[in-house]
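This report goes through one protein structure in plain terms. Please look at the sequence and the structure before reading on.

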Amino acid sequence: MKEMDHLVNTEINSQRIASVENCFGASGQPLAVPGRVLLGEGILTKECRKKPKPRVFFLFNDILVYGSIVINKRKYNSQHIIPLEDVTLETLPDTLQMKNRWMIKTLKKSFVVSAASLTERKEWLSHLEECIRHLLTKTGRQPSMEHAAPWIPDKATDICMRCTQTKFSTLTRRHHCRKCGFVVCGDCSKQRFLMPRLSPKPLRVCSLCYRQLMAEKKKEAEGDQKQPEQIDSSMTGYEPSSGDDSDKSDDDKVERWPADAEFYASEVSWSSFHS
């Protein structure tokens with residue numbers, strides 16, 4: 001972490017962090033704390049529930065911050081902060097729409113991002129892994145083995161992934177199970193279950209996950225400490241999405257961004273790392 005040691009307590013680092021705070025404005029949280037260093041930043045495409053969207057990411061030595069772009073380098077909103085010691089990473093293969101992909105996994109949320117080039121993906125992964133390794137060594141913690149299920153994108157299926165009978169339409173809405181991430185119909189996701197690691201409020205779960213969660217709860221009540229079987233939330237042919245990211249339609253409010261083909265073919269560097 002030579003970059004971090006070199007930049008900590010420097011004026012240029014303070015100015016960079018202040019600039020990020022100013023771009024998020026009153027809607028964002030304060031980011032300047034003693035010992036924090038801004039190591040890199042850039043635009044990544046994030047796989048959201050309805051479609052991939054550009055998001056600005058900032059890599060600090062202890063947190064990863066991202067948000068929606070209103071005016072690039074001037075105004076951002078919908079700030080999210082992820083502690084790096086909770087993060088694990090997984091490289092993913094390209095799809096027809098998305099290239100240079102990887103998954104960011106945490107206990108509360110998991111989502112897929114895509115860099116404009118293979119080089120940029122390597123840089124992001126290298127810096128992320130080094131920061132995570134440094135933090136875990138410092139705290140003595142082990143890497144997390146559990147993570148929230150990524151959401152399957154809406155467009156991945158036209159029918160409920162549980163009953164396989166209900167067809168989605170304008171009147172029949174898609175829902176997501178917060179446990180397995182599957183796209184399900186209302187009848188297959190009537191139940192709510194409290195999962196404190198994800199939210200202080202009970203969350204929508206599909207019928208299969210609800211039965212599993214209730215069985216786990218019953219075993220815990222009986223003092224049985226055996227680990228329950230995990231539901232396999234993977235399904236061939238379906239690519240995971242990002243989870244709920246306040247995925248409102250913000251297309252009218254943000255800058256126009258190049259089409260996917262232009263984003264990936266562009267010779268412009270969309271990310272930079274500080275030294």
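## The surroundings of Cys160

Leaving aside its neighbours within four places in sequence, which residues is Cys160 in contact with? In this predicted model, the contacts of Cys160 beyond those neighbours are Thr166, Phe168, Val183, Val184, Cys185 and Cys188. One of these, Cys185, is 25 residues from Cys160 in sequence. In space, the C-alpha atoms of Cys160 and Cys185 are 5.4 Å apart.

Cys160 belongs to a loop, which runs between helix H3 (118-139) and strand S8 (175-176). Is Cys160 buried or exposed? Its relative accessible area is 0%, and the limit for a buried residue is under 20%, so Cys160 counts as buried.

Strand S3 covers residues 63-71 and strand S4 covers residues 75-83. The two strands pair in the antiparallel sense, over seven bridges. Within this pairing, Leu64 stands opposite Ile82 in S4.

S3 and S4 form a hairpin, with three residues between the strands. Lys73 lies in the turn and has a positive phi of about 65°.

## The chain as a whole

The protein chain contains five helices and twelve strands. It has 275 residues, of which 43% count as buried. The accessible surface of the chain is about 15,400 Å², and carbon and sulfur atoms account for 50% of that surface.

Contacts in the chain can also be sorted by separation in sequence. Of those between residues at least 6 apart, 57% join residues at least 24 apart.

Methods: Residues numbered from 1 in each chain as written. Predicted model: local features only at pLDDT ≥ 70, side-chain atom pairs only at ≥ 80, totals over all residues. Heavy atoms only, no water. Helix = DSSP H or I, 4+ residues; strand = E, 2+ residues; numbered from the N terminus. Buried < 20%, exposed > 50% of the residue type's maximum accessible area, 1.4 Å probe, protein only. Contact = heavy atoms within 4.5 Å. Areas by Shrake-Rupley, 256 points an atom, 1.4 Å probe, with all protein chains shown as cover. Pairing = 2+ DSSP bridges.
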